[in-house]
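Hi there,

Here is the structure I promised to pass on. Have a look, and then read on for what I found.

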Amino acid sequence: MTWISRWLVVTGLVWFSSLTLYGQEKIEREFRIKPGTVPEAAKDWLYEAFGSPRKVKWYVEETSGKSSYEAKFVFRGATHSVEFDLSGRIEDIEVQTTWEALPESTRESIGRYFNDTFKKYRIEKIQVQYTGAPEDLKDSVKNSDFVTATTRYEIEFYGENETSKQLWEGLFDENGNLLSRREIAIPSTNHLFF
């Protein structure tokens, strides 16, 4: 077991044990890593699916007790994030998009949720999330057709109600129905930003 694998396991256990304290909070940290530390299976899948995307940046992502590898890059003019488990198996593909690019019926459904739940809201980021079998996802990328994939929308937004204003992450199905919502906990830092 490499040092990074041991570190990921220990870190994952620490984060997992803290879940009882945080409930439905999303606590996320990313660390940039060198491509040589990424499982070959992840790199092989990425380059078979996307060809040779330029300027791929690799990260270890820790999200609420779960660790994974993530490749970030621009492909066909859109920012992509491809997530792999610790063995290098594809988990999902996320593509940054805009509100206007969502299907109209999906926008209406998500808009109703926001209006019914919050006094005010502001969308910060929208990603289309594709999941499915590794070979199906690879074919979907090559053919630019995700009809066989499960499509969801991950939306980060500020929501304000009578008692609080908070940053949230909502996961919506392809019809705009809320599947889950988590409060995003912004980690404290010892660094000053100027």
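Which residues does Ile126 touch, not counting residues up to four places away in sequence? They are Val95, Gln96, Thr97, Thr98, Trp99, Leu102, Glu154 and Ile155, where a contact means heavy atoms within 4.5 Å. Ile126 sits in strand E6, residues 120-131, and is buried at a relative accessible area of 3% (buried means under 20%, with a 1.4 Å probe and protein chains only). Glu156 is 30 residues from Ile126 in sequence, yet their C-alpha atoms are 6.6 Å apart in space.

A word on the source: this is a predicted model, in which local features need pLDDT of at least 70 and side-chain atom pairs count only at pLDDT 80 or more, while totals for chains, interfaces and linings use all residues. Residues are numbered from 1 along each chain as its sequence is written, and side-chain values use heavy atoms, leaving out hydrogens and water.

Stepping back, the protein chain has four helices and nine strands (DSSP runs of at least four residues for helices, H or I, and at least two for strands, E, numbered from the N terminus). Of its 194 residues, 43% are buried. Among contacts between residues at least 6 apart in sequence, 54% join residues at least 24 apart.

One helix pair is worth a look too. Trp45, Glu48, Ala49 and Phe50 in H2 meet Pro134, Leu137, Lys138, Val141 and Lys142 in H4. H2 spans residues 40-50 and H4 residues 134-143.

Best wishes

Technical notes
Buried means under 20% relative accessible area, exposed over 50%, partly exposed in between (1.4 Å probe, protein chains only). Axes are lines fitted to C-alpha atoms, for helices over the stretch in contact, and angles run from 0 to 180 degrees between N-to-C directions.
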